[in-house]
Amino acid sequence: MTGEPVLEQARRADAGETSVALGAAVSVREFSVTFAGTQRGTHPVHVLDDVTLEVADREFVAILGPSGCGKSTLLRAMGSLLDERATTEGTAQARGATAWMPQRDCLLPWRRAMANAMVGAIAAGVPRERAAARAARLFEDFGLAGFETAWPHQLSGGMRQRLALLRTCLSERPVLLLDEPFGALDPVTRRRMNQWLASMELTDWIGEDSEEPRAVVLVTHDVDEAIALADRIVVLSGRPGRIVWEVTAQHREDKPHQRFDRDQLLAALDH
Ligand SMILES: Nc1ncnc2c1ncn2[C@@H]1O[C@H](COP(=O)(O)OP(=O)(O)OP(=O)(O)O)[C@@H](O)[C@H]1O
Ligand SMILES: [Mg+2]
């Protein structure tokens, strides 16, 4: 495969030599990734194959697929976080700045909740007073009011994940990349988190004042999580990951909660 080094791709994107489709928050075009073998003599691993995906302004897209099919690799590529030794073809880029939330909450145990929340904003260059004012509001909305001075170990698993998500939102980056953000939670807490998240318009919370299109891309193994949260679900095949199925939420007057056909989705995953 004749690939372009990722750093070169990022340089060209920074220099405006590549462009994201007008209005799209994230644009992935004919994108393939191969990693060299991890040990001498091992074969290269072809991870993604010819993936094309546009994420529109205000859209919430969930990516489902079997383990090892390249979901995290695709998400990293959208955030220009791909391992620079990867060989790529095509392009993957977000229009505006991206914020990343990994599976583990990665809270700093030696900082209190509010200080943890502020870390992402400060790293992203958001003025401290502005971030603090916004954080005070978000603690309320994220069900964390009263816990501003708690240490991370004093919070429940669900509260820690909400705090991690709050921290990610405070960075004011318009594209949120969530890599199995609730994967470490027990099923009951996870379901509660999903219900809570589904009840709020996440795209309202990110990239405040940003001129760029806003979007959320969620990688998950959990079909019900994708159904609860997404406007569109994309299913990848086993490695090398290709898009094998894509479906947009339907508004159904008779069954307002049944936005996707679960059986159809499961069949696509078994494909
Ligand atoms: N930096 C890297 N160097 C070499 N191989 C890598 C690298 N990152 C990922 N891979 C390989 O790419 C493949 C896809 O990995 P990736 O993490 O994208 O999968 P995934 O779909 O997110 O899996 P999971 O659902 O288990 O998280 C795996 O075979 C993995 O070993
Ligand atoms: Mg992964």
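What numbers of nonpolar, polar and charged residues does the shell around ligand 1 have? The first legend takes this up, after a short note on the model.

This is a predicted model, in which local features need pLDDT of at least 70, side-chain atom pairs count only at pLDDT 80 or more, and totals for chains, interfaces and linings use all residues. Residues are numbered from 1 along each chain as its sequence is written, while chains are lettered from A and ligands numbered from 1 in the order in which they are written.

**View 1. The shell around ligand 1.** By class, this shell has 4 nonpolar, 7 polar and 2 charged residues. Here Ala, Val, Leu, Ile, Met, Phe, Trp, Tyr, Cys and Pro count as nonpolar, Asp, Glu, Lys and Arg as charged, and the others, Gly among them, as polar. Of the 13 residues around the ligand, Phe-35, Ser-67, Ser-72, Thr-73 and Asp-83 come nearest. A residue is near a molecule or strand if its C-beta atom, placed from the backbone, lies within 6 Å of it. Strand E3 (45-56) and helix H2 (71-78) each supply at least two residues of the shell, and H2 gives the most, with 3 residues. Helices (H or I, at least four residues) and strands (E, at least two) are DSSP runs, numbered from the N terminus.

**View 2. The largest nonpolar core.** This core has 66 residues, and Val-26, Ala-62, Ile-63, Met-78, Leu-166 and Val-217 have the most contacts inside it. Domain 1 (4-97 + 214-270) and domain 2 (109-172) both give residues to the core, so it lies between them. The domain bounds come from an automatic or database domain assignment. A nonpolar core is a set of buried Ala, Val, Leu, Ile, Met, Phe, Trp, Tyr and Cys residues joined through C-beta atoms within 7 Å. A residue is buried if 20 or more other C-beta atoms lie within 10 Å of its own, exposed if 12 or fewer, and partly exposed in between, with C-beta atoms placed from the backbone. In soluble globular proteins, nonpolar side chains tend to be buried together.

**View 3. Val-217 and its partners.** Leaving aside neighbours within four places in sequence, Val-217 is in contact with Val-26, Val-55, Val-61, Ile-63, Leu-75, Met-78 and Leu-177. Two residues are in contact if their C-beta atoms, placed from the backbone, lie within 7 Å.

View 4. Strands E9 and E10 run antiparallel, joined by 5 bridges, and form a hairpin with 6 residues between them. Two strands pair if DSSP finds at least two bridges between them. Ile-233 stands opposite Val-247 in E10. In the loop between E9 (232-236) and E10 (243-248) you will find Pro-240, and the peptide bond from Arg-239 to Pro-240 is cis, with omega near -5°.

**View 5. Two residues with positive phi.** Most residues other than glycine have a negative phi, and most peptide bonds are trans. Arg-58, not a glycine, has a positive phi of about 70°. Look for Arg-58 in the loop between E3 and strand E4 (59-64); this residue is partly exposed, with 15 other C-beta atoms within 10 Å. Glu-180 also has a positive phi, near 45°, and lies in the loop between strand E7 (175-179) and helix H6 (187-198). Glu-180 is partly exposed, with 19 other C-beta atoms within 10 Å.
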